Amino acid sequence: MRLLRSTDLALRVLMRLAVAGDSSPTTREVAEAMDVPYTHAAKVVAELQHMGLLTARRGRGGGLSLTEDGRAASVGALVRSFEGDGDVVDCEGTATSPACPLSSACRLRGALRRAQEAFFATLDPVTVADIVTDPTGPLLLGLSPKPS
């Protein structure tokens, strides 16, 4: 299973903010440190803010900070939220691809669904605070924008 870019970025933003201490990096600073486009980071930050996992203050002295809910957030719940609960494979087809001819008697779809749920279940007890303990936390603090 491969995570969407937005899921990956959401986790990395929360991890970065979990080790920020008293500093409040801006969305632009986080985007540069993570080497992602600002517009993509801004969309992810807006979603995380809507979820109550971080706060964003505008203007002088503004920036991003992690909420207590963000620190205690389950990685499994975050991944589910960003990835959605769709199937790993599309057996039904779309306007541009036909339905799978095996769909009426296939056991693969169920097996993949169980594997996906096992993946999420493994991540459920892991919190954002858990994934920034040493050696990850100090490494996150050392991230800086790549030179242009």
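Which residues does L9 touch, not counting residues up to four places away in sequence? Some notes on that and on the rest of the chain follow.

1. **L9.** The answer is M34, V36, H40, A41 and V44, leaving out residues up to four places away in sequence. Touching, or contact, means heavy atoms within 4.5 Å.

2. **Ground rules.** You're looking at a predicted model, where local features need pLDDT of at least 70 and side-chain atom pairs count only at pLDDT 80 or more, while totals for chains, interfaces and linings use all residues. Numbering starts from 1 along each chain as its sequence is written, and side-chain values use heavy atoms, with hydrogens and water left out.

3. **Overall layout.** The chain has seven helices and two strands, in the order α-α-α-β-β-α-α-α-α from the N terminus. Helices (H or I, at least four residues) and strands (E, at least two) are DSSP runs, numbered from the N terminus. The C-alpha trace spans about 60 × 35 × 30 Å along its principal axes. Of the contacts between residues at least 6 apart in sequence, 72% join residues at least 24 apart.

4. **Burial.** Of the 148 residues in the chain, 33% are buried. The cut-offs, with a 1.4 Å probe and protein chains only, are under 20% relative accessible area for buried, over 50% for exposed, and partly exposed in between.

5. **The core.** The largest nonpolar core has 30 residues, and L9, V13, L14, L48, L54 and L78 touch the most other members. Elements that each supply at least two residues are α1 (5-18), α2 (27-34), α3 (38-50), β2 (63-66), α5 (75-83) and α6 (108-123). The top contributor is α1, with eight residues. By definition, such a core is a set of buried Ala, Val, Leu, Ile, Met, Phe, Trp, Tyr and Cys residues joined through side-chain atoms within 4.5 Å. As background, nonpolar side chains tend to be buried together in soluble globular proteins.

6. The buried residues of α2 are T27, V30, A31, A33 and M34. They line one face of the helix, because they fall within an arc of 165° seen down the axis of α2. That arc is taken over the directions from the helix axis to the C-beta atoms. D35 follows α2 and is found in the loop between α2 and α3. Its phi is near 55°, a positive value in a residue other than glycine. For context, most residues other than glycine have a negative phi.

7. **Helix α5.** Here the buried residues are V75, G76, L78, V79, F82 and E83. They sit on the same side of α5, because they cover an arc of only 160° around the axis. Their cover includes α1, α3 and α6.

8. The largest pocket holds about 300 Å³ of space. Among its 15 lining residues, T27, Y38, A56, R58 and L64 are the closest to its centre. Two or more lining residues come from each of α2, α3, β1 (54-57) and β2, and α3 gives the most, with five. By class, the lining has six nonpolar, six polar and three charged residues.

9. **How the pocket was defined.** On a 1 Å grid over the protein atoms alone, a pocket is an open set of points where a 1.4 Å probe fits, with protein on both sides within 12 Å along at least five of seven lines; lining residues have an atom within 4 Å of a point. Points are joined across faces, edges and corners, and the volume is the space filled by probe spheres set on them. For the classes, Ala, Val, Leu, Ile, Met, Phe, Trp, Tyr, Cys and Pro count as nonpolar, Asp, Glu, Lys and Arg as charged, and the others, Gly among them, as polar.

10. **R16 and A18.** R16 is in helix α1 and counts as buried because its relative accessibility is 14%. Beyond its neighbours within four places in sequence, A18 is in contact with L66, R71, V128 and V132.

11. **V88.** This residue is in the loop between α5 and α6 and is partly exposed, with a relative accessible area of 44%. Leaving aside neighbours within four places in sequence, V88 is in contact with L112 and Q116. V88 and M1 are 87 residues apart in sequence but 7.7 Å apart in space, C-alpha to C-alpha.
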